[in-house]
Amino acid sequence: MNKTLKGKVHKYDRDNIDTDVIIPGPYLKIHDHKELAKHALEGLDPKFPEKVQEGDFIVTGSNFGCGSSREHAPIALSQTGIRAILAPTFARIFYRNAVDGGYLLPIEIDRETVKKIADRDELEIDIAQNKITNVTKNEQYPMKPFPELIAKIVEAGGLMKYKP
Amino acid sequence: MRLIPTDTVLAMTITEKILARASGRQDLSPGDVVFAKVDKVMMHDVSGPGVIKVFAEWEKKGLKFEKIWDPDRVWVTEDHFVPAADRVSAENVIALSNFTKQYGVKKHFKYGLGQYGICHTLSHEEAMVLPGEVYVGGDSHTNTTGAMGTFAAGLGHTDVAYVLMNGQIWFKVPETMLFKIEGDKPAHIMAKDIILKIIGEIGTDGANYRTMQFAGNVVKELSMEERLTLTNMTTEAGAKNGIIEPDETTYEYLRKRTDARYAPVKGDEGAQFAEIFTIETTKMEPTVAKPFSPGNISAARELQGTALDKAYIGSCTGAKLEDLRAAANIMRGKKVKIRTEVLPAAQSIYMKAMNEGLIQIFMESGAVVGPPTCGACCGAHMGVLGKGEVCISTTNRNFPGRMGHVESQTYLASPLVVAASALTGRITDPRDVR
């Protein structure tokens, strides 16, 4: 994997951001990806879709994406332009939907790193080196490497393109 | 057929054994990644249209799908947005019907056409899934069916589409947490109280990526439907799956519903558990999860002053036949003080409740009885909450906005507590109903 991501941080400093907050129930009937993006994170920050620029990141607390299996959640976030979410832990279905659908990268970082990164900081994420550079603060942080299979699926661009 | 002596094979839990069998391995350990063959796969009117979109995207890229892996192992329900909430939901159901027709999927439970209901309820009520099987579904509460000794896990729609094409899917073998539930179970305690208590203890990510297995004398004595409440809410602790080893209760439940053959699996003696918890039920109190987390628990009596606007008895968690019986027992001959909605989880359960006189009890109490639907449980339609409204519900989640407005509040409780609260308009312990 040889990939560097660069973007600005949108920080939501809380644990257990759930799928009902990421994309509320009434929108589950919608399957138009661009339409879903208009409601991304609506339960927490209705202005979120306007704030995001292509390539940005979310930095947040643990158990991100808990709750439902709705793939609408990573779809809505990725369609706003979010390329990676950095959190200490992810709920399992959100994690595999994000990876298997090829929407965005769920990157595990420790709690200390979450504390050091501020809203609007600019980050560079080097996937091959498992290294995060905070360009704004001139700091470097580690990230947890992807397990072997996940790395291969990410590299392929999603489960449908992955050949076991 | 084992080619090496059995004593070199690792002792495994039921989950590990099912995954080993499904992936053609003699044994495996937590952390191993396997591609497991799937026995059954389910999608509904929310995940189904997502799956159809994945198929459509691939066809745009020139891939043609003349057939799916095995139409007889696929089943489909209409449950989230039925009766059609609006034009979009009606069109999703049409798309689902076209898909099942095109690919020859015969097991499609349609709203208004005989038996239908919430997918997790049909999984056991219609014996769509059997002990020892690997079952995946496009819904997070697919875990429910693990009460039948099945490996049952929820997936998103890309993964379900992959299963429809390939008949298998990857899993990281989970570690198992064993919950031994022991003691006497008082009549005012239901499985819902027990699972809320457990989530309160371990937290909403307490079982993330892991298996929650239930055992102990209380589980042994629980009915099938009550066991299903335990596994249903393992999702709320982040678990990959919940599971109970099959026994005579399981086999008896299935004998009444199917003559299909199956190969049940039990765990090995000496299997390793990541953690073992013992839960005592003898002195357990009726338990309520407060807004905005299923792990935010209190005893019902500690909350008895809490005023409510609505009581909701519905969903895969809390509208099975025994849930309705429990609620009706409390409500018999009494009037509700707040808006109360009862939505049996499947058409067959509605019918049984009617034959037993439960529907009459609910209606005479002043409650409304609606058609089976996920409806308001996920804030979709059919009775969502307005700003500031407070609801007590037999459902499974109470995140902000879950059942309606982001500033509404939901308390989660057993059918006994919800029925008792409906009669007083305040959170009420069923022991305090006169």
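Helix 1 of chain B (residues 14–22) is largely enclosed by the rest of the structure, because eight of its nine residues are buried. Here a residue is buried if 20 or more other C-beta atoms, placed from the backbone, lie within 10 Å of its own; helices are DSSP runs of H or I with at least four residues, numbered from the N terminus. The model is predicted: local features need pLDDT of at least 70 and side-chain atom pairs count only at pLDDT 80 or more, whereas totals for chains, interfaces and linings use all residues. Residues are numbered from 1 along each chain as its sequence is written, and chains are lettered from A in the order in which they are written.

**Helix 1 of chain B**
- The buried residues of this helix are B:I14, B:T15, B:E16, B:K17, B:I18, B:L19, B:A20 and B:A22.
- B:G24, just after the helix, takes a positive phi of about 70°.

**Domains of chain B**
- An automatic or database assignment gives domain 1 (36–172) and domain 2 (288–432).
- Taken over C-alpha atoms, the centres of these two domains are separated by 28 Å.
- In domain 1, 16 residues are in contact with 16 residues of domain 2; contact requires C-beta atoms, placed from the backbone, within 7 Å.

**Interface between chains A and B**
- Contacts join 32 residues of chain A to 39 residues of chain B.
- On the chain A side, helix 1 (19–22) and helix 5 (92–100) each supply at least two residues.
- Helix 5 of chain A provides the largest share of that side, five residues.

How values were computed. Two residues are in contact if their C-beta atoms, placed from the backbone, lie within 7 Å. A residue is buried if 20 or more other C-beta atoms lie within 10 Å of its own, exposed if 12 or fewer, and partly exposed in between; C-beta atoms are placed from the backbone.
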